[in-house]
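Me: I have a model open and would like to learn how to read it feature by feature. Could you walk me through it?

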Amino acid sequence: LGNNQKGFTDFIYALKLLPKEVLDKFEVKIVGDGDMRESLIDLCKNIDNVEFIKSMPHHEIIEELKNSDVVMLPSRYEGLSMFALEGLATGNVCLFSKTGGLIDIVDGNGMLFEPQNIESIVLALTELSKLEHDKLIEMKRKSIEICKRKFSPKTISEKFQTIFDVIVEGNK
């Protein structure tokens, strides 16, 4: 079910549809050791710039994110993904499907595409490939700003206090 939720096959089919000059602008790393790993690797056999990493300690994933420009989450359905938040916090451009909590963290710092829509993913990747370097840097900075504004300890604490207050009031 994880593969169905995360939309990896949608993403890989989108990569296969990209013109070579667009595809060559990307270096793709997919981390995971799920039961669909081998079939996803097979699906990518003619795509040179996709690397599969079986597993990686969390601190190494964070380092990879710090050295990346873009995070991609092609989920078909999603709440608020920890990976999405980590991508945001490490200053990446966010390329996310338009679903769940992902919608709330893209605002000038990335692009949203329709979930389970390969053509929409192709369009987003193509648009991303055309961005000037300065625009990419601006979007990366915007991710950090959004993270600080929406997910600071103070903001999260206030949100939890509000939830707590509502629950307590409802139990009186």
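Predicted model: local features only at pLDDT ≥ 70, side-chain atom pairs only at ≥ 80, totals over all residues.

Me: Where is Ser-120 found, and is it buried or exposed?

Reply: Ser-120 is found in helix 7. Burial is judged by relative accessible area, with under 20% as the cut-off. Ser-120 has 16%, so it counts as buried.

Me: What does Asp-10 touch, if I again skip residues up to four places away in sequence?

Reply: Asp-10 touches Arg-76, Gln-116, Ile-118 and Ile-121. Its place is in helix 2.

Me: With which side chain does the side chain of Asp-10 make a polar contact?

Reply: That partner is the side chain of Arg-76, at 2.8 Å. Asp-10 is a buried residue, because its relative accessible area is 4%.

Me: Gln-116 was among the residues that Asp-10 touches. What is the phi of Gln-116, and where does this residue lie?

Reply: The general idea comes first: most residues other than glycine have a negative phi. Gln-116 is not a glycine, yet its phi is positive, about 55 degrees. The residue lies in the loop between strand 5 (110–113) and helix 7. Gln-116 is exposed, because its relative accessible area is 52% and the cut-off for that class is over 50%.

Me: How should I read the pockets? What is the volume of the largest pocket?

Reply: The idea is simple: rolling a probe the size of a water molecule over the atoms shows where empty space is left. Here the largest pocket has a volume of about 1,100 Å³. It is lined by 34 residues, and those closest to its centre are Glu-27, Lys-29, Val-70, Val-71 and Met-72.

Me: Which elements give two or more residues to that lining?

Reply: Among the helices, these are helix 2 (8–17), helix 5 (58–66), helix 6 (82–89), helix 7 (118–129) and helix 8 (133–151). The strands are strand 1 (28–31) and strand 3 (70–73). Sorted by class, the lining has 20 nonpolar, six polar and eight charged residues.

Me: Let's zoom out. How many helices and strands does the protein have?

Reply: There are nine helices and five strands. Along the sequence, they follow the pattern α-α-α-β-α-β-α-β-α-β-β-α-α-α.

Me: What can I say about the overall dimensions and burial?

Reply: The C-alpha atoms fill a box of roughly 60 × 40 × 30 Å along the principal axes. Of the 172 residues, 43% count as buried. For contacts, look at sequence separation: among those with a separation of 6 or more, residues 24 or more positions apart account for 55%.

Technical notes. Residues numbered from 1 in each chain as written. Heavy atoms only, no water. 1 Å grid on protein atoms, 1.4 Å probe; cavity = no way out; pocket = protein on both sides within 12 Å on 5 of 7 lines; lining within 4 Å. Points joined across faces, edges and corners; volume = space filled by probe spheres on them. Helix = DSSP H or I, 4+ residues; strand = E, 2+ residues; numbered from the N terminus. Nonpolar A, V, L, I, M, F, W, Y, C, P; charged D, E, K, R; others polar. Buried < 20%, exposed > 50% of the residue type's maximum accessible area, 1.4 Å probe, protein only. Polar contact = N/O pair within 3.5 Å; in protein donor to acceptor, adjacent residues only side chain to side chain. Contact = heavy atoms within 4.5 Å.
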